[in-house]
Amino acid sequence: MAQDRTRAERERNISDANAEIGRLRKETNELRELLELSELEKEELRNDLASQKENWQQVRSFQAAAELQSDASAQIEAEPEFSSVAEAVESAQADFQQSLLFYENAKRTSKKSHFARPEQVYRAFEALSEVAAEYFAAISTGESIGPLEAALKRRGFGYSPKESKQTMDMYGDQRRFTHKGKKWEMQKHLTLGGADRTNCVQIYFEPRENAQKFEIGYCGPHLDYKSQTT
């Protein structure tokens, strides 16, 4: 009787153990499936992330290209176009009247110029306007902007502060310009272009502190000078 009871308990224990093993095996399989599913989801997320990064890089590339194109278009739109030096002078007089004063002689002589790049003439007046504003602002505070040559060179223009004594002895009258009944001598000048006197233009100016402007006395073909060959 006792043996039967012991055998029954052993069989029950074995059955319970087998049932527990089966349950654990099932849970293990379920966990394995969950782990595999998790790995698949992680792989999909990695792929999605890589795809999103690639898409974002493309968007940034498109944006950069669009910005460059927009900047280029803006520069093209901002670049003035003129049919003649006289037209450039007329436009500069209207645009830079706060810092530049044009003598009638400057407007008159500009009509004699056949310089092929009137836009450069306008840019020269734009540079003079900027330098004039800095020049008089510095004077008002007791400071200095340094040599005009450096200020204009930074803007891409060559500047001559004065003429030679020989040139002034021979052709000084060409550098004296009438304004409101008075004659003003100007030696400071920019020269644009080169090769010969026809294919360049000169701009003569003088800072006038009481007017707080650079006065423009001449803008036209190269004036006579001592060492000229033609």
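The model is predicted: local features need pLDDT of at least 70, side-chain atom pairs count only at pLDDT 80 or more, and totals for chains, interfaces and linings use all residues. Numbering starts from 1 along each chain as its sequence is written, and side-chain values use heavy atoms, with hydrogens and water left out. The protein has 6 helices and 7 strands. Buried residues make up 29% of its 230 residues.

**Overall fold**

- Helices (H or I, at least four residues) and strands (E, at least two) are DSSP runs, numbered from the N terminus.
- Along the sequence, the pattern reads α-α-β-α-α-α-β-α-β-β-β-β-β.
- Contact means heavy atoms within 4.5 Å. Among contacts with a separation of 6 or more, 65% join residues 24 or more positions apart.
- The protein exposes about 15,400 Å². Carbon and sulfur atoms supply 50% of that area. The areas come from the Shrake-Rupley method with a 1.4 Å probe; for residues, only the protein chains shown count as cover.
- Buried means under 20% relative accessible area, exposed means over 50%, and partly exposed lies in between (1.4 Å probe, protein chains only).

**Aromatic pairs**

- A pair of aromatic rings is described by the distance of the centres and the angle of the planes.
- Rings of Phe, Tyr and Trp (its six-membered ring) pair if their centres lie within 6.5 Å. Planes under 30 degrees apart count as stacked, over 60 as edge-to-face and the rest as tilted.
- The structure holds 11 aromatic pairs.
- One joins tyrosine 159 and phenylalanine 205, with centres 5.9 Å apart and planes at 40 degrees, so this pair is tilted.
- Tyrosine 159 lies in strand β2 (residues 159–160) and phenylalanine 205 in strand β6 (residues 200–208), so the pair ties together parts 46 residues apart in sequence.
- Both tyrosine 159 and phenylalanine 205 are buried.
- Phenylalanine 205 also pairs with phenylalanine 214. That pair is stacked, at 5.3 Å centre to centre and 25 degrees between the planes. Phenylalanine 214 is buried too.
- Ring pairs link Tyr135, Phe136, Tyr159, Phe205 and Phe214 into a cluster.

**A charge over a ring**

- A charge sits over a ring if NZ of Lys or CZ of Arg is within 6 Å of the ring centre and within 35 degrees of the ring normal.
- The charged end of arginine 208 sits over the ring of tryptophan 184, 4.0 Å from its centre.

**Salt bridges**

- A salt bridge is a side-chain nitrogen of Lys or Arg within 4 Å of a carboxyl oxygen of Asp or Glu. The count comes to 10.
- Glutamate 130 bridges to arginine 155, with the closest N and O atoms 2.8 Å apart.
- That pair links distant parts of the chain, 25 residues apart: glutamate 130 is in helix α4 (residues 118–140), and arginine 155 is in the loop between α5 (148–153) and β2.
- Glutamate 130 is partly exposed at 38% relative accessible area, and arginine 155 is partly exposed at 23%.
- Glu130, Glu134 and Arg155 are linked in a network of salt bridges.
- Glutamate 163 and arginine 175 meet in another bridge (3.1 Å, N to O).
- Glutamate 163 lies in the loop between β2 and α6 (165–171) and arginine 175 in the loop between α6 and β3 (176–179), so the pair ties together parts 12 residues apart in sequence.
- Glutamate 163 is buried at 14% relative accessibility, and arginine 175 is buried at 0%.
- Glutamate 185 bridges to arginine 176, with the closest N and O atoms 3.2 Å apart. Glutamate 185 is partly exposed at 36%, as is arginine 176 at 31%.

**Asparagine 105**

- Asparagine 105 is in helix α3 (residues 104–110). Its relative accessible area is 14%, so asparagine 105 is buried.
- A polar atom of its side chain lies 2.8 Å from the backbone oxygen of glycine 217.
- Leaving aside neighbours within four places in sequence, asparagine 105 is in contact with Phe177, Gly217 and Tyr218.

**Positive phi in two loops**

- Lysine 180 has a positive phi of about 55 degrees although it is not a glycine. Lysine 180 is in the loop between β3 and β4 (182–185) and is exposed at 77% relative accessible area.
- Glutamine 212, not a glycine either, has a positive phi of about 55 degrees. Glutamine 212 lies in the loop between β6 and β7 (213–220) and is partly exposed at 38%.

Terms used:
A polar contact is a pair of N or O atoms within 3.5 Å; within protein, one must be able to donate a hydrogen and the other to accept it, and residues adjacent in sequence count only if both atoms are side-chain atoms.
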